[in-house]
Amino acid sequence: MILKQTTGFLSHLPITQPITHDKERIFFAILNGQITTRREAVKLLNIRSTTVSEYVAQLLDSRLLTETISQNSGRGRPSMVLVVNPNRLITLVFQVISLSLHVFAINLVSNVIAHEQLEASPDCDNQALADKFSQLHEKIMVKIPKSAEVAGCVFSLGGIFDSQTYHWIHASRWPRMNNLNIKKLFPENYRVVLSRTLDDELMLHVLERNRSTLLLHWGYGVGVAFSTADNQINVGGHGFGEIGHWHIPQQIKPCQCGQVGCLETVAALWSIGPDVLGNKFKAHDDEENIAEILASCDLASNPVMQQAIIHMVNAASNICRVFFPSRLIVSGPFVKNPQVWATFCENFQQQNAFFGQTLPELSMSQINRNSRIYGAALPVLEQTLLELLAQ
């Protein structure tokens with residue numbers, strides 16, 4: 001079931017479980033902006049007025065809804081409208097952006113109500129990263145309304161991790177970190193979820209689109225995510241899609257992961273940024289800022305950039321020949337440059353016109369960071385919300 005948001009930066013909220021109970025139907029109709037009064041609920045949802053009154057009273061008692069005076073009230077007795085209490089539930093989303101750690105507080109209507117960040121140098125080990133996550137948690141909790149309930153924490157990560165045991169096993173940006181237990185950083189009653197950043201973004205692309213989709217991210221790092229035609233995201237074992245650490249023949253440049261000659265050494269922002277952008281490149285800058293800089297650069301004759309395009313086209317072509325997706329979506333700052341994107345598309349089409357196969361539909365991702373953050377928050381937000389509605 002796909003539910004429309006009336007505010008925030010997402011237009012859809014995917015609920016994976018069927019919405020059948022009248023109490024849930026009333027709440028989501030208000031959330032979606034379909035109704036604002038009890039009378040409208042009776043008419044639209046075909047529910048008895050006594051039942052509507054009973055469930056609305058429960059939703060008001062649980063603070064999922066509030067009742068306020070309508071702005072359109074005229075003379076006489078003011079009319080009352082029902083609205084969702086946006087800060088009733090808050091989800092914390094921890095993300096890695098460049099070489100910094102971030103936490104975002106997301107409310108029920110998809111707004112970021114607070115944000116904190118800390119730099120994390122490449123020499124950080126388990127204890128250093130654990131301390132920074134704890135500091136971020138302390139800082140963000142001060143900014144959250146006291147009346148709000150924290151539904152849980154989502155760690156939207158790159159690298160290798162085990163979502164069942166909550167261990168972040170490896171991240172090439174912090175080679176001294178190994179098997180960091182995320183769950184132990186928070187109170188025992190906290191709901192903690194580990195997810196791949198690319199999977200969170202991919203989920204937003206596959207809403208209402210029953211087509212197999214491969215998402216290729218080309219930025220500070222390189223990786224892929226894949227969903228089948230029935231929108232099932234391939235999560236692999238401890239890791240999936242770390243193509244940035246495929247070995248490239250005849251390449252010997254050291255990689256952040258500790259190996260040499262990885263794809264990232266010839267294509268990732270951390271490696272080629274200085275050669276492509278010169279003094280405009282800042283190692284700690286985030287991808288969205290760098291995308292704006294890259295968009296206006298003349299890169300047609302830059303040999304490092306042209307070589308990177310060749311390697312990325314080869315990687316995209318090879319992974320497409322493994323999964324044969326219906327769609328290939330490319331995200332990241334490099335493809336915001338018109339010359340880079342045009343060259344990538346041309347070379348990809350040339351490499352994949354074989355055996356009479358239909359080329360994957362090729363497009364550039366338009367999803368912004370805020371949407372990816374909300375996509376990461378959805379699993380915890382949905383589960384906690386449905387539990388509250390079931391009470």
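Which residues in α5 meet which residues in α11? The close-up views below, taken from a predicted model, begin with this contact.

**View 1. Helix α5 (residues 197-206) and helix α11 in contact.** Asp-200, Glu-201, Met-203 and Leu-204 of α5 meet Ser-371, Arg-372, Gly-375, Ala-376 and Leu-378 of α11. By type, the residues of this contact divide into four nonpolar, two polar and three charged. The axes of α5 and α11 come within 8 Å and cross at roughly 95°, which means that α5 is roughly perpendicular to α11.

**View 2. Ser-365 in the loop between β16 (361-364) and α11 (369-389).** With a relative accessible area of 4%, Ser-365 counts as buried, because buried refers to values under 20%. When its neighbours within four places in sequence are left aside, the residues in contact with Ser-365 are Glu-201, His-205, Ile-329, Val-330, Ser-331 and Lys-336.

**View 3. The hairpin formed by β13 and β14.** Strand β13 (residues 213-218) pairs with β14 in the antiparallel sense over six bridges, and three residues lie between the two strands. Within this pairing, His-217 has Gly-223 in β14 as its bridge partner.

**View 4. The two covered faces of β14.** In a regular strand the side chains alternate between the two faces of the sheet. Val-222, Val-224 and Phe-226 lie on one side of β14, while Gly-223, Ala-225 and Ser-227 lie on the other, and all of these residues are buried. Strand β14 (residues 222-227) is accordingly described as mostly covered, with six of its six residues buried.

Notes
Residues numbered from 1 in each chain as written. Predicted model: local features only at pLDDT ≥ 70, side-chain atom pairs only at ≥ 80, totals over all residues. Heavy atoms only, no water. Buried < 20%, exposed > 50% of the residue type's maximum accessible area, 1.4 Å probe, protein only. Helix = DSSP H or I, 4+ residues; strand = E, 2+ residues; numbered from the N terminus. Pairing = 2+ DSSP bridges. Contact = heavy atoms within 4.5 Å. Axes fitted to C-alpha atoms, helices over the stretch in contact; angles between N-to-C directions. Parallel < 35°, antiparallel > 145°, perpendicular 65-115°, else oblique. Nonpolar A, V, L, I, M, F, W, Y, C, P; charged D, E, K, R; others polar.
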